[in-house]
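Colleague: I have the file open and would like to go through it with you. Can we start with the strands and see where that leads?

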Amino acid sequence: RPGAAGWVPDDPARRDVEHLREAARACRGCELWEPATQVVFSAGAASGRVALVGEQPGDSEDRRGVPFVGPAGRLLQEAVAEAGLAREDVYVTNAVKHFRFTQSAPGKRRIHATPDAGHVTACLPWLTAELAAVDPEVVVVLGATAGRALLGPSFRVTKERGVVLERETSRGPKRFVATIHPSAVLRTPDDQRAQARDGLVADLRVAVAALG
Ligand code: URA
Ligand code: SF4
């Protein structure tokens, strides 16, 4: 896959979030753009102290062009508020910017398909560029795909969630906190879902506590 690098503006003056968002509309860095409705770039505070990184847009996000506006997004918004984060402190984005899905026939329901490592690698230049622009104090990694993008292929959320990890970035050392994806909370069986949700909130509180 050629990757997004060729579509990310080189000019430092055009690497703020709004220019990146505009440029991403033309991205053909992998084949996911074609069946999708539109690119879903990011939302929230372009100078947020916390960046939340999900996997990829879902069906609702693909239709609306905005990340985390479906069921997982509602759960995430509630969890973020419960953890004590104000909206103006939070930037929200995804590791992959187009919705990957399968569909048995045109007009049928579109079923989420996990992006593979090649899609994550292809799309990474956007994520790297936007995190450099936003320069958050803490990056919250939501689930395995974001973990693979930001913390490497051997990263395991279940083993390393809820702790502050320091990694070198283009903007110097940065703090990362991994947690489960809100969609994983929604998929948890009824009798354990509240506990899974509490775990997500607890990990978000770790990110809040890591703010300077
Ligand atoms: N899941 C994600 O990872 N991102 C979204 O934007 C929506 C659902
Ligand atoms: Fe470009 Fe990412 Fe969309 Fe692939 S998923 S076309 S790399 S924006």
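Colleague: How many bridges join S2 to S3, and do they run parallel or antiparallel?

Modeller: S2 and S3 run parallel and are joined by 5 bridges. Strands here are DSSP E runs of at least two residues, helices are H or I runs of at least four, and both are numbered from the N terminus. Two strands pair if DSSP finds at least two bridges between them. This is a predicted model, where local features need pLDDT of at least 70, side-chain atom pairs count only at pLDDT 80 or more, and totals for chains, interfaces and linings use all residues. Residues are numbered from 1 along each chain as its sequence is written, while chains are lettered from A and ligands numbered from 1 in the order in which they are written.

Colleague: Is S3 buried or exposed?

Modeller: 5 of the 5 residues of S3 (residues 90-94) are buried, so the strand is largely enclosed by the rest of the structure. Buried means 20 or more other C-beta atoms within 10 Å of the residue's own, exposed means 12 or fewer, and partly exposed is in between, with C-beta atoms placed from the backbone. Val90, Val92 and Asn94 lie on one side of S3, with Tyr91 and Thr93 on the other.

Colleague: What about S2, which way do its residues point?

Modeller: Val50, Leu52 and Gly54 point one way, Ala51 and Val53 the other, and all are buried. In a regular strand the side chains alternate between the two faces of the sheet.

Colleague: Where is the largest nonpolar core, in terms of residues with the most contacts?

Modeller: That core has 52 residues, and those with the most contacts inside it are Ala51, Val53, Cys123, Val139, Val140 and Val141. H4 supplies its largest share, 8 residues. A nonpolar core is a set of buried Ala, Val, Leu, Ile, Met, Phe, Trp, Tyr and Cys residues joined through C-beta atoms within 7 Å.

Colleague: What does Cys123 touch?

Modeller: Leaving out residues up to four places away in sequence, Cys123 touches Ala4, Gly29, Cys30, Ala95, Val96 and Lys97. Contact means C-beta atoms, placed from the backbone, within 7 Å.

Colleague: Switching to ligands. Which residues come nearest to ligand 2?

Modeller: Cys123 again, along with Cys27, Gly29, Cys30 and His98, out of 16 residues around ligand 2. A residue is near a molecule if its C-beta atom, placed from the backbone, lies within 6 Å of it. H4 gives the most to this shell, 4 residues. The shell divides into 11 nonpolar, 3 polar and 2 charged residues.

Colleague: What about Asp135?

Modeller: Asp135 is not a glycine either, and its phi is near 50°. This residue is in the loop between H4 and S6 and is partly exposed, with 17 other C-beta atoms within 10 Å.

Colleague: How much of H5 is buried?

Modeller: 7 of the 9 residues of H5 (143-151) are buried. What covers them includes S2, H4, S6, H6, S8 and H7. Just after H5, Gly152 takes a positive phi of about 100°.

Methods
Contact = placed C-beta atoms within 7 Å. Nonpolar A, V, L, I, M, F, W, Y, C, P; charged D, E, K, R; others polar.
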